[in-house]
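Here are a few notes to read alongside the model. Have it open and follow the points in order.

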Amino acid sequence: MDNLPHSNEYEPKLARTLDRIIAFCGLICTECRAFLATRSGDKNERAKIARLWSKHFRRKFEVEDVLCDGCPRTDGRRSGYCRDVCDIRPCAQGRGLKSCAYCESYKCEKLQKFFRMAPKAKLVLDKIRKSSD
């Protein structure tokens, strides 16, 4: 199980009915609690996530910071974490990549640090890299 506070501790029913959205870093957005709470309109769940993120990342997150339509979307809302904390998304976008899996510098220092918190993301990106060979 990933150590990130926004990873799921269960396989939600909703995730099985949505197309998978995979973030640049390898997290599966459609399994993320923030994404699911946004989709379902569950403000109480978003408040729980905001408290959890505030504790974990040692910065204040409000309920409004837990609105996310998925990391790769350019026209949607992104969570406060993805918008303000993550340094992987802007790096991949700056390189014109769909995913870090396609980067020449794959497994860079940023990703290595992130993979320590989210080992499942590494597995996802490794699988994408393998399928693109």
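1. Let's start with the aromatic cluster. Keep in mind that this is a predicted model. Ring pairs join W53, F57, F61 and Y81 into a cluster. Searching the whole structure turns up five aromatic pairs.

2. Now zoom in on one pair. How are the rings of W53 and F61 arranged? Their centres are 5.4 Å apart and their planes sit at 70 degrees; planes over 60 degrees apart count as edge-to-face, so that is what we call this pair.

3. Are W53 and F61 buried or exposed? W53 has a relative accessible area of 1%, which makes this residue buried. F61 is buried too, at 2% relative accessibility. The cut-off for buried is under 20%.

4. F61 has another neighbour to look at. The charged end of R59 sits over the ring of F61, 5.1 Å from the ring's centre.

5. Next, the helices. Two packed helices are described by the angle between their axes and the distance between the axes. Take helix α2 (residues 33–40) and helix α3 (residues 43–57): their axes come within 9 Å and cross at roughly 155 degrees. Angles over 145 degrees count as roughly antiparallel, so α2 is roughly antiparallel to α3. The crossing of α2 and α3 is left-handed.

6. Which residues make that contact? From α2 come R33, A34, A37 and T38, while α3 brings E45, R46, K48, I49, L52 and W53. Notice W53 in that list: this residue of α3 touches the α2 contact and also belongs to the ring cluster with F57, F61 and Y81.

Notes:
Residues are numbered from 1 along each chain as its sequence is written. This is a predicted model: local features need pLDDT of at least 70, side-chain atom pairs count only at pLDDT 80 or more; totals for chains, interfaces and linings use all residues. Side-chain values use heavy atoms; hydrogens and water are left out. Rings of Phe, Tyr and Trp (its six-membered ring) pair if their centres lie within 6.5 Å; planes under 30 degrees apart count as stacked, over 60 as edge-to-face and the rest as tilted. Buried means under 20% relative accessible area, exposed over 50%, partly exposed in between (1.4 Å probe, protein chains only). A charge sits over a ring if NZ of Lys or CZ of Arg is within 6 Å of the ring centre and within 35 degrees of the ring normal. Axes are lines fitted to C-alpha atoms, for helices over the stretch in contact, and angles run from 0 to 180 degrees between N-to-C directions. Helices (H or I, at least four residues) and strands (E, at least two) are DSSP runs, numbered from the N terminus. Angles under 35 degrees count as roughly parallel, over 145 as roughly antiparallel, 65 to 115 as roughly perpendicular and the rest as oblique. A crossing is left-handed if the near helix is turned anticlockwise from the far one by less than a right angle, and right-handed if clockwise. Contact means heavy atoms within 4.5 Å.
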